[in-house]
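This report describes one protein chain, beginning with a single residue and widening to the whole chain.

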Amino acid sequence: MKHTFMWIILFVTSISFSQIKISGKVTDKNSGIGIPSVNISTSSENGTTSDFNGTYNIEVTDQNQILTFSYLGYKTQKIKVGDATILNVQLEEIETNLDEVVVTALGLNRKTKELGYVVQEIKAKDVAEVKTVNFLDNLSGKLAGVTISQGATGVG
């Protein structure tokens, strides 16, 4: 009787602590290319991120848990695990622009229109133009007061 009771307790605890391994790939809906560093979390606060190719592995405790896939610039998706052990997800891009925020000398966040003085900025196309091999050399002379100096390794 003592051994039977011990086997029943062992069986019940092994079922209650069992993990279901879920794997898959997170891709862009339009291009089909894997998205790296996608945040994948469960409803029990367990989480992981996708690797460079968009693949991921996560363990959940039961089939009723919901996986949340989120990435900056993409719509967040929530998917119930169910019977699946492989979940491939396609994220759709969000067509919104981010608001411009300026951090002032005192650390206060303000929009450019709210400031009473001139604000300098660098546009993405100015940085994208490659004139030299070193990225930091491309920033040299673009903003007043910004000094870029070469280190011993050649990186500014």
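In this predicted model, Ser50 has a relative accessible area of 4%; because that value lies under the 20% limit, the residue counts as buried. Ser50 belongs to the loop that joins β3 (47-49) to β4 (55-60). Its side chain reaches the backbone nitrogen of Val38 at a distance of 2.9 Å. Beyond its neighbours within four places in sequence, Ser50 is in contact with Ile35, Pro36, Ser37, Val38 and Ile40, as well as with Thr55 and Tyr56.

Val26 touches Ile40, Tyr56, Phe69 and Leu91, among others. Its contacts, not counting residues up to four places away in sequence, also include Ile33, Gly34, Ile35, Val38, Gly54 and Val89.

For the chain as a whole, the elements run α-β-β-β-β-β-β-β-β-β-α-α from the N terminus. Overall values are as follows.

| Property of the chain | Value |
|---|---|
| Secondary structure | 3 helices and 9 strands |
| Buried share of the 156 residues | 19% |
| Share of contacts with a separation of 6 or more that join residues 24 or more positions apart | 36% |
| Accessible surface | about 11800 Å² |
| Share of the accessible surface belonging to carbon and sulfur atoms | 56% |

Conventions: Residues numbered from 1 in each chain as written. Predicted model: local features only at pLDDT ≥ 70, side-chain atom pairs only at ≥ 80, totals over all residues. Heavy atoms only, no water. Helix = DSSP H or I, 4+ residues; strand = E, 2+ residues; numbered from the N terminus. Buried < 20%, exposed > 50% of the residue type's maximum accessible area, 1.4 Å probe, protein only. Polar contact = N/O pair within 3.5 Å; in protein donor to acceptor, adjacent residues only side chain to side chain. Contact = heavy atoms within 4.5 Å. Areas by Shrake-Rupley, 256 points an atom, 1.4 Å probe, with all protein chains shown as cover.
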